Amino acid sequence: MSYPLSILDLSTVLPDQSVAEAVAATVDLARAAEEQGFARIWFAEHHNFPSIASSATSVLIAHVAANTSSIRLGAGGIMLPNHSPLVIAEQFGTLAEIHPGRIDLGLGRAPGTDQRTMMALRREPSAADTFPRDIKELQGYLKGESMIPGVDAYPGKGTDVPLFVLGSSQYGAQLAAALGLGYAFASHFAPQMLEHAARIYRESFEPSEDYPEPHFIAALNVIAADTAEEAQRQFELSQRFRIRQMLGRGRDLTEEEVTLLMHSPAAEQVLSMTKYTAVGTVETVRDYLDRFRERVQADELIITNAAPDLEARHRTLQLLGENVMVRG
């Protein structure tokens with residue numbers, strides 16, 4: 001490959017699975033990804049989702065880092081308006097001190113949850129308005145150049161953890177470009193603005209000490225299998241799981257109810273979010289990845305391992321490692 005391939009993991013809790021089992025599966029997948037040569041694994045901050053175990057993102061990163069040895073780990077991302085920049089600098093500074101050279105920090109502006117949960121997080125909607133300033137404050141702590149006299153991050157000061165802006169719109173692209181940071185676009189669930197945001201980021205990029213050149217990461221969903229039929233079966237299972245996750249919150253839907261929902265306008269909207277999904281044999285997936293990367297001129301691709309079945313997720317990583325990662 002002529003570009004890095006990374007993983008976005010939500011530490012998914014499957015039906016009839018405990019959180020401890022989901023986290024153990026996350027560690028196993030991280031070890032497999034490390035063995036296969038993936039560049040990095042990021043975990044996303046979400047709240048009040050029973051099927052997602054990555055809400056305490058820095059804690060999960062610490063656990064996975066302690067059970068791997070070389071792969072880069074980070075947040076994709078921390079929803080910064082939910083937190084004090086100083087606290088995040090201390091958390092990720094601690095991770096960087098324990099695991100030097102392995103920690104990334106992606107930063108998002110959204111709450112990562114619904115309005116009611118946002119209130120429980122003690123977050124006001126206006127908190128997002130200070131996102132650019134909060135990034136600069138956080139960066140100052142990590143560089144040892146605090147914007148607040150007499151206040152430093154211990155640990156954190158001088159660790160210079162690499163920062164990325166995450167986004168799904170033109171706003172994030174413009175902000176990342178103006179700050180001279182890496183930019184990751186959430187095209188795995190928000191495909192509409194991908195090409196426009198990629199172009200805006202590259203055309204507007206202001207070089208910085210950390211990023212002399214732009215670094216654009218595009219996300220997509222991937223299911224690779226030994227046969228096209230098995231890949232399609234896993235894809236259909238993943239669609240059903242997504243409908244259950246997004247439309248069945250607070251309810252325990254039966255399989256029959258999920259089947260009925262699959263044909264509803266709400267389901268069509270949810271499933272349209274996965275427009276960028278590579279499904280099939282490894283040859284099919286490899287060609288899709290290459291064409292996708294070329295179209296948006298991504299410097300790196302980050303995939304969600306979309307199959308709900310754990311064995312199928314491991315097989316996706318193995319196939320990519322054996323047939324994609326070794327090229328070039």
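The model is predicted, so local features need pLDDT of at least 70 and side-chain atom pairs count only at pLDDT 80 or more, while totals for chains, interfaces and linings use all residues. Residues are numbered from 1 along each chain as its sequence is written, and side-chain values use heavy atoms, with hydrogens and water left out.

**Backbone stops**

Start by selecting Gly-76 and Gly-77: the peptide bond between them is cis, with omega near 10°. Gly-77 lies in strand S3 (residues 72-79); strands are DSSP runs of E with at least two residues, helices are runs of H or I with at least four, and both are numbered from the N terminus.

Next, pick Tyr-154 and Pro-155, joined by a cis peptide bond with omega near -10°. Pro-155 sits in the loop between helix H5 (131-143) and strand S5 (163-167). Stay in the loop between H5 and S5 for Asp-160, a non-glycine residue with a positive phi of about 50°. Asp-160 is partly exposed at 32% relative accessibility (buried is under 20% relative accessible area, exposed over 50%, partly exposed in between, with a 1.4 Å probe and protein chains only).

**A helix pair**

Now show helix H6 (residues 170-179) and helix H7 (residues 194-204), which pack at an angle of about 20° with their axes 8 Å apart. The axes are lines fitted to C-alpha atoms over the stretch in contact, and angles run from 0 to 180 degrees between N-to-C directions. That makes H6 roughly parallel to H7 (angles under 35 degrees; over 145 is roughly antiparallel, 65 to 115 roughly perpendicular and the rest oblique).

To see the contact (heavy atoms within 4.5 Å), display Gln-170, Ala-173, Gln-174, Ala-176 and Ala-177 in H6, which meet His-196, Ala-197, Ile-200, Tyr-201 and Ser-204 in H7.

**Aromatic rings**

Rings of Phe, Tyr and Trp (its six-membered ring) pair if their centres lie within 6.5 Å; planes under 30 degrees apart are stacked, over 60 edge-to-face, and the rest tilted. Tyr-183 lies in strand S6 (residues 182-185) and Tyr-201 in helix H7, so the pair ties together parts 18 residues apart in sequence. Tyr-183 is buried at 0%, and Tyr-201 is buried at 0% as well.

Finally, select Tyr-183, Phe-185, Tyr-201, Phe-205 and Phe-216, which ring pairs link into a cluster.
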